Amino acid sequence: MEIKVTPGDIVQVESDALIVNLFEGVEHPGGATGAVDKALGGAISMLIKEGEFKGELNRTAAIHSLGKIPAKKVIVAGLGKSEEFTTDRIRQVSATSLREARALGAKSVSTIVHGAGIAGFAPRGASQALTEGAILGLYKFDKYLEKKEKKEIEEFLVVEFDEKKIPEVERGVERGKIFAQAQNMVRDLVNEPSNQMTPRVLTERAKEVTERFSLRIEVLAEEELRRMGAETFLAVAKGSEEPCHLIVMRYETDPQAATVALIGKGITFDSGGVSIKPSKGMEKMKADMAGGAAVIGAMQILAQLKPQVNVLGIIPATENMPSGHALKPGDVIKSLGGKSIEIISTDAEGRLILADALTYAQRLGADKIIDIATLTGGCTIALGNLTAALLGSDQKLVDLLIDTSQETGERMWQLPLFEEYFDQIKSDIADVKNSGGREASTITGGMFLKQFVDKTPWVHIDIAGKELTDKQKGYLVKGAAGYGTRTLAAAVLKI
Ligand code: ZN
Ligand code: ZN
């Protein structure tokens, strides 16, 4: 889909479908919607009057223009209540209305920038959200289907009446493309079944991003990891026939500038290992590399937007499988940082691979660390599928992520890391154990990771339950969400 920005009057624009909007409760549409309504002889007002359309969020109504304007059809998109309007709702409405246009068979679609005329919504941010919603909402993953749905929108025209606003709208659209295309790439990685998305393939994909966007990459394989002493990572990997990789992507700017490390859990399939998971729902465990994929996506965005900090993207990639070589409950292993770990559950493997990655990030000179992982089932219990959990040693970094998540719509909420929680992961025979039981499991997961971070400001994001979605809603479509990609990148841009 090609996205273009053009100055002009939306009423005069030629396209298969034209999108205007309406706040809930408005009886007489104004602005662009009012102008279109007038040109259509009051057809939109009539829908409102008859109670057929009320402007509720993410509801749409389609009207044939019957030749009264150059556009063939008009889609009115509901914005919900004006006092509840947010940037994220622009994304949602853009996605919903474009899917509606696609379903109607439109090849060319024109739209106004939702929210651009409202106080507090700058044209740049609004058009970025509009573009993100469009690209994310139209995403589909159909590569394994014999019969693919052929309807595609080829041209998306963003129409702005005020010519002075055009440069800002253009900037917003460009930025929106960069963010949303990266998130869709992440969705592609996560949607792949684990037989197609092995650690080796994940490495290949990271290399492709590296080459395309002029980043650097190093891949540490088993032999090097062994020499280095990354025993905890290797302990998880040894149950699998697939070779493991520690992927290190680098964005480099001024060597004097600070270095931020983004670390993402890259378990390409989590069977639970010897502490095997119940088979119900196990197919979803192909998405246990969603954190790692989000880091690759964030690196793709940052490579294009060029922040003034150096960025490391570190992804420990392996499968977690049961076999004669696999790690067993009760085993004691040594981490790269020197601490010993008693294994209680081999299904708590994410924190093990992250432990060594955290140590490695510090050795590479990270000044700030953000890790992202589908870490604990408890995160889904606590926060459902709407909000990720944040835990960290540095309140400034936590606040930065929370503020950023409010802009990106990828909600995040802080949980406490009170020292007393360490009691739950105290081991009798090692420095720490890898499971503290079901109570407060998201917190004890974070507390475990904290043991492997010295003084470096660090934040852990638990996205368990957010990596996949089983319903289409707003800009989310069934399957991989790409959760966290935009927030990671947008946060780094503010550091
Ligand atoms: Zn697990
Ligand atoms: Zn896992």
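**A buried strand residue, its sheet and a zinc site**

Val 158 counts as buried, because its relative accessibility is 0%, under the limit of 20%. The model described here is a predicted one. Val 158 has its place in strand E6. Residues touched by Val 158, leaving aside those up to four places away in sequence, include Ile 3, Lys 4, Val 5 and Thr 6. Further contacts of Val 158 are made with Thr 111, Val 113, Leu 130, Val 169 and Val 173. Val 5 is 153 residues from Val 158 along the chain, yet the C-alpha atoms of the two are separated by 4.7 Å.

Strand E6 (residues 155–160) pairs with E1 in the parallel sense, over 6 bridges. Within this part of the model, Glu 2 stands opposite Glu 155 in E6. Both strands belong to an open sheet of 6 strands with mixed pairing, in the order E1-E6-E5-E2-E4-E3. Strand E1 (2–7) and strand E3 (60–64) each have a single partner strand and stand at the edges, so one side of each is left without a neighbour in the sheet. On average, neighbouring strands of the sheet are turned by 25° against each other, direction ignored.

Two helices that pack on this sheet can be described next. Helix H3 (residues 87–103) touches strand E2 (17–23), E3, strand E4 (73–80), strand E5 (108–112) and E6. The direction of H3 makes about 150° with that of E4. Helix H4 (residues 123–137) touches E1, E5 and E6, and its direction makes about 160° with that of E6.

The zinc ion (ligand 1) is 3.1 Å from the zinc ion (ligand 2), and Asp 270 coordinates both.

Lys 265 lies in the loop between strand E9 (259–264) and strand E10 (266–270), and Asp 288 in the loop between E10 and helix H9 (290–305), so the pair ties together parts that are 23 residues apart in sequence. Lys 265 is buried, with a relative accessible area of 2%. Asp 288 is likewise buried, with a relative accessible area of 4%.

Key:
Residues are numbered from 1 along each chain as its sequence is written. Chains are lettered from A and ligands numbered from 1 in the order in which they are written. This is a predicted model: local features need pLDDT of at least 70, side-chain atom pairs count only at pLDDT 80 or more; totals for chains, interfaces and linings use all residues. Side-chain values use heavy atoms; hydrogens and water are left out. Donors are N, O and S atoms within 2.8 Å of the metal (3.2 Å for Na, K and Ca); water is not among the atoms, so sites may look incomplete. Helices (H or I, at least four residues) and strands (E, at least two) are DSSP runs, numbered from the N terminus. Buried means under 20% relative accessible area, exposed over 50%, partly exposed in between (1.4 Å probe, protein chains only). Two strands pair if DSSP finds at least two bridges between them. Axes are lines fitted to C-alpha atoms, for helices over the stretch in contact, and angles run from 0 to 180 degrees between N-to-C directions. Contact means heavy atoms within 4.5 Å.
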